[in-house]
Amino acid sequence: MNHHIDIYKDIERLLSQRRINDALDLVDNAAATLGPVDSLRSATDRLRESYAFMTQYALRGMPDPSRPELYAGILSDIRALADELHRRSRMADAPTLYFNTLRYARMNRGSGIASLLGEYRRINQRLQMAMLTEDSEKAGREFTSRTEDLEKQIFNLIWTIYPLSVDEAAAVGDALADISLPSHLKQLCIAAIFMGQLEYYDERRLRLLMDAYASDDAEISVRALCSLLIAMSVRRDRPFSPSLMRRFESLCEDPRWTTDVKMALLQFIRSRDTERIGRKLTEEVIPEMMKLQPELEKLGRMPVDPESLEENPEWAELLDKSGVAGKLKELQQLQEDGGDVMMVTFSKLKTFPFFNDISNWFLPFHSSHSSVSGSGDDSVKMLGEIIENAPIFCNSDKYSIVLSLSQVPAAQKEMMASQLKAHSDQMAAMSFGDMNLSQKGRERIAGRYVQDLYRFFRLFRRKGEFSDPFATTLNLVTVPLLADVFRDSDTLMLVGEFYFKHKHFSDAFEIFERLSEQTPPSAQLFQKLGYCMQMLGAVDEAVKYYEQSELLNSESRWTLKRLAICYRNMRDWDKAVEYYSRLAAVEPDDLSVAFNLGCCLFESGKTEEAAGFFHKVEFMQGESDRTSRYLVRCAIAEGNLDKARRYSAAVLSRQPNSADYLYAGHIELLSGNLDGGVGRYAESVAASNFDKAAFVRDFKADSKLFKDIPELDRLTLGLIVDEAIRRSSSLGGSL
């Protein structure tokens, strides 16, 4: 069994130090562990010779305009050799699907990519001719099976070939440009090129994606673009060779480029919400709906039908009170913004054998596929034709729907067909209402392709063998080669706002910070920078930005409130009081501000002023536990034990917690009733689910209350605590 060679980091370190000879030595030494590999030795010898000649010419002072390109080529070739070493070291025994597929392909050496594509063309032509015969269905089945088998072979071969030779790249490029080949095969080839690029960096793959972006077929163009951008993002450490850079620069001159790159970035950002949407559905919405189902059925005397919820105002009221309505509204808004709310539903439908084959995860849905046309079920065929044009589903979800229909009764199939047709017609009508149909169509293609990719990397049964690009931020703004796309302030603001809205605060901060360096100072921009820092837990940094915002707009109540909250979190009570006081002056009827000001005054030792604000809240809002608890503490601090006992009794009469009993005990001790205090402390221990350590910690934190009472020395207090813990055991579950 060969050991696996991974010298990437060492190679990059040597290249960054311009130690080319040492890097070549490292490649030679690593290659020697694989045994005699003549191709690797000859490659390093050729590079050494080229590097030596280049060095000699440079030392002689001879001008050479091609020197930078030659040097860059040597670096690129050394990196490619490191890739080749890693691949060769794993080829014999690595158990991953990639290497299993590679070993199988190498067993069939006669089936090169050009020959497979040639055979596919012949079979596809015969299939087209067969559809004109009298028995087209029988003939079609025969050739369809062969074409689908060839499609899988073509995908696997393009995926695992490394590096693509000039002839292989030309064969794939010709296929992508061949108007006689079906679009779904070309789209499958794009995915195979992309998946191979994620395994090992190959400039010819990038060139193929760049060429495919120029296609007139929007499906191919947009998929190539998304694949290219993801590849550039995850391999941003690999610089383009001069020749590829020239190709990329010509690509950037395409009038669609800037708009398309921005559009793709928004799709990548949306994909990051998928897990959050899924958690909201599975942890919040669905459990709450399950809890409400008996009540809803009782009101309606019938099983719950989500579409009829709004027909009964009592149902709507029940949903509002439970909070489910708000969650559903949020999910609806996320869907309208392009969020993937289908992931949870369709994740359960990816266990069909169809999805065991990697290529099927990237196969565009078409009703001529055997899973649809070969089912023998007319209702499935009809549904397949409807689903094919449904804009709301990505391709793998469309296959999930069709594959699950075999388990559905005929009556339900008809109902599903009518509902899907109505929904598809509605979505189509909405689409035709858009002003820019072409760009909207490209955006939809990108969204569905990103969803297909996301499902593969998160749901494929062997997903652990693949490097998931969605595990990174895919922040194209930080990709150096895309800097020109995101240079202008309007674009940066758009991207920053999108990150901000979707709660990706780290990325939003990075964009807003860059924006602040190239635009005049803005109170709103500093607000957002501060809020990002606050949400990321960097409260000190948040305060700095909020204060800058305050300098530009001292009247902003939002900024004052955020500064007050931050200083309160920092336990800087005097500053918190300052800002809450300013808020109270302009918002005298805001009870939340009054309550928080009281809390901060209490913590700063101004208990009498604090009590005044708590009384104000109670006068305007009515008595509540949260104000009464603070009034108990204020009264104790002021030494007004009668008042403290009165408020404490009110709290204990409702739903007291462990702290309420603790303060009741303090009142008794301060009043000289030690035995009564022990009783209350025992109740405090019991109310905390007998967390004795927590009780001891809380009691010690308040022990300063007894420092001026001689009879309550350390020994006595220790006896009180111990006795309270002993007595608590007799209370059991009585509280």
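At what angle do the axes of helix α30 and helix α31 cross, and within what distance do they come? In this predicted model, the axes of α30 (residues 607-621) and α31 (residues 625-638) cross at roughly 150° and come within 9 Å. The chain that holds these helices has 735 residues, with 36 helices and zero strands.

**The chain as a whole**

- Of the 735 residues, 48% count as buried.
- The accessible surface comes to about 36,300 Å², and carbon and sulfur atoms account for 52% of that surface.
- Where contacts link residues at least 6 apart in sequence, 66% of them join residues at least 24 apart.

**Helices α30 and α31**

- Angles over 145 degrees count as roughly antiparallel, and α30 and α31 are therefore roughly antiparallel to each other.
- The crossing of α30 with α31 is left-handed.
- On the α30 side, the contact is made by Thr607, Glu608, Ala610, Ala611, Phe614, His615, Val617, Glu618 and Gln621.
- On the α31 side, the contact is made by Arg626, Thr627, Ser628, Tyr630, Leu631, Cys634, Ala637 and Glu638.
- By class, the residues of the contact of α30 with α31 comprise eight nonpolar, five polar and four charged.

**Helices α3 and α4**

- Helix α3 spans residues 38-59 and helix α4 spans residues 67-91; the two pack at an angle of about 160°, and their axes lie 11 Å apart.
- The helices α3 and α4 are therefore roughly antiparallel to each other.
- A left-handed crossing is found for α3 and α4.
- From α3, the residues that make the contact are Ser39, Leu40, Ala43, Thr44, Arg46, Leu47, Ser50, Tyr51, Met54, Tyr57 and Ala58.
- From α4, the contributing residues are Arg67, Leu70, Tyr71, Ile74, Asp77, Ile78, Leu81, Glu84, Leu85 and Arg88.
- The contact of α3 with α4 divides by class into 13 nonpolar, three polar and five charged residues.

**Asp83, a residue of α4**

- Asp83 is located in helix α4.
- Because buried means under 20% relative accessible area, Asp83 counts as buried at 2% relative accessibility.
- Apart from its neighbours within four places in sequence, Asp83 is in contact with Tyr8, Tyr162, Tyr200, Tyr201 and Arg238.

Methods:
Residues are numbered from 1 along each chain as its sequence is written. This is a predicted model: local features need pLDDT of at least 70, side-chain atom pairs count only at pLDDT 80 or more; totals for chains, interfaces and linings use all residues. Side-chain values use heavy atoms; hydrogens and water are left out. Axes are lines fitted to C-alpha atoms, for helices over the stretch in contact, and angles run from 0 to 180 degrees between N-to-C directions. Helices (H or I, at least four residues) and strands (E, at least two) are DSSP runs, numbered from the N terminus. Angles under 35 degrees count as roughly parallel, over 145 as roughly antiparallel, 65 to 115 as roughly perpendicular and the rest as oblique. A crossing is left-handed if the near helix is turned anticlockwise from the far one by less than a right angle, and right-handed if clockwise. Contact means heavy atoms within 4.5 Å. Ala, Val, Leu, Ile, Met, Phe, Trp, Tyr, Cys and Pro count as nonpolar, Asp, Glu, Lys and Arg as charged, and the others, Gly among them, as polar. Buried means under 20% relative accessible area, exposed over 50%, partly exposed in between (1.4 Å probe, protein chains only). Accessible areas come from the Shrake-Rupley method with a 1.4 Å probe; for residues, only the protein chains shown count as cover.
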